[in-house]
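The following exercises are to be worked through with the sequence and the model at hand. Each task is followed by its solution in steps.

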Amino acid sequence: MVENNLTSPLIPLLAITKGQNQRRFMIISMVATMITIAVFIYLGKYPLTLNSYVHQQNSSRTTVSPQLPKRVFNTFARHYTKNISDCWTDEDYNYWKQGDFYPPGPLHGNIAYMILTGDKHLRSRCDIMMCTFGVTIHPSRLFFVENNLTSPLIPLLALTKGQNQQRFMIISMVATMITIAVFIYLGKYPLTLNSYVHHQNSSRTTVSPQLPKRVFNTFARHYTKNISDCWTDEDYNYWKQGDFYPSGPLHGNIAYMILTGDKHLRSRCDIMMCTFGVTIHPSRLFFVGESSSDSRIPIYDVVVPETPRPVDTTWSHQKVSRGLAMVIDKLNKSADGAEVQWIMVLDDDTFISPPNLVLLVAEYNPQESFMIGQECAGAFCGGAGYVISRGLFERLPPFIISCYRTPVDGYSDQAVPRCITIKTNVRPLDRKEFNSQPPDHFTSRDGLQVRPQGYGRGITFHYMKPAERYLSLWRLHQAYYRSR
């Protein structure tokens with residue numbers, strides 16, 4: 001993310017300007033913006049009319065109409081259709097125009113929405129917007145701005161006509177080129193990425209002010225055409241040396257253990273490394289699977305040699321039980337291993353939010369015995385991941401490698417935690433922040449039954465594939481924390 005200061009405690013920031021160049025950048029950008037605005041004003045003779053609406057207030061609070069709408073828009077059926085273009089139809093649009101999807105009453109909302117679009121996006125982007133947020137907005141508050149007024153599905157407004165349309169495009173392009181030129185000119189002040197680490201001091205998170213030796217340019221990597229280029233052999237070598245991590249003695253009090261297989265190294269694992277992985281110290285990140293080395297991933301072969309390869313579900317429990325034994329052993333032998341108070345276990349297609357996990361574990365005493373995740377029938381739900389406190393993982397070595405799958409518990413998420421419960425009498429603790437499904441599942445009928453109050457400050461989401469989906473959620477995650 002691009003910013004002008006380097007003090008965010010949660011998000012790696014890019015510094016692009018310094019000193020006088022910072023002021024120069026701001027001035028030129030403002031001028032470019034003003035030029036674009038002037039074009040809109042000049043073209044005002046083709047009026048863009050957004051009606052002004054007023055909302056009623058009761059003292060200092062806005063009152064809301066409690067009535068139900070005339071018609072229900074079935075989001076479950078529409079959002080899970082095989083053909084995404086079927087999520088919004090002509091019939092839906094006609095009902096929406098009549099206000100049938102909106103609660104009756106005099107109040108229609110105090111915000112109007114103007115969305116810029118083009119002809120080629122009507123049956124793709126615009127339909128998606130209508131079947132998601134659009135259907136929740138009153139017809140008098142939603143405007144798609146375009147160059148014709150003939151779409152049967154989208155509420156369009158004409159913005160520009162004839163030569164003025166061309167003039168608008170030319171001036172806007174010039175303004176954009178001026179802004180881009182500023183970035184290029186200021187390129188001699190290199191992009192500097194600050195990675196900050198969270199350390200626990202009693203119940204408060206403190207921030208290390210040191211800068212890393214090297215910058216991982218997330219802007220260039222996350223927007224590459226070939227997603228597999230987001231993490232390279234060279235990046236891995238720098239990461240292993242700790243170059244992307246702030247210097248200092250503290251490396252974080254959470255270790256991450258990720259279950260994977262050879263076929264996912266160049267897809268899921270690379271994506272994890274170029275998102276959350278690059279923000280974690282090398283001594284705190286372990287991929288466990290069936291390979292002993294890789295050119296990009298810190299992977300460990302924890303499966304016994306006689307196990308058939310590739311490892312299937314029948315033998316995958318070894319990755320958890322023997323993986324935990326290996327990670328605990330390495331932490332015990334590490335010079336700073338005592339700093340680790342929690343071990344987080346997750347799959348290679350599970351999204352993880354380290355800042356949210358830090359906030360959650362701060363609520364518990366790690367010297368006590370906890371395993372926390374999404375509880376399912378006395379164990380954990382598949383793929384949601386779970387975190388184990390030091391008070392518990394110190395008790396695991398005598399028995400953990402003997403935890404096998406059973407006919408009842410066919411998956412490692414169930415078999416190993418249930419084995420831990422039998423041996424230690426520590427039961428899984430359920431928290432809504434851990435989720436065995438992706439975020440959109442919790443807008444469906446089944447998802448609302450599982451999480452009627454939502455997932456709060458989400459920590460994990462499973463089934464985040466393909467890789468682009470994981471990356472998109474990570475961008476939203478970073479944007480959210482940048483705005484905090």
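**Exercise 1: a helix and its buried face**

Solution. The model is predicted: local features need pLDDT of at least 70 and side-chain atom pairs pLDDT 80 or more, while totals for chains, interfaces and linings use all residues. Residues are numbered from 1 along each chain as its sequence is written, and side-chain values use heavy atoms, without hydrogens and water.

Determine which residues of α14 are buried and where they lie around the axis.

Solution. Step 1: buried means under 20% relative accessible area, exposed over 50%, and partly exposed in between (1.4 Å probe, protein chains only). Step 2: the buried residues of α14 include Leu471, Trp474 and Tyr481. Step 3: the buried residues fall within an arc of 165 degrees, judged by directions from the helix axis to the C-beta atoms, so they line one face of α14.

**Exercise 2: a ring pair**

Describe the pair formed by tyrosine 455 and phenylalanine 461.

Solution. Step 1: rings of Phe, Tyr and Trp (its six-membered ring) pair if their centres lie within 6.5 Å; planes under 30 degrees apart are stacked, over 60 edge-to-face, the rest tilted. Step 2: the structure holds 15 aromatic pairs; in this one the centres are 4.8 Å apart and the planes 80 degrees, hence edge-to-face. Step 3: tyrosine 455 is partly exposed at 26%, whereas phenylalanine 461 is buried at 5%.

Terms used. Helix = DSSP H or I, 4+ residues; strand = E, 2+ residues; numbered from the N terminus.
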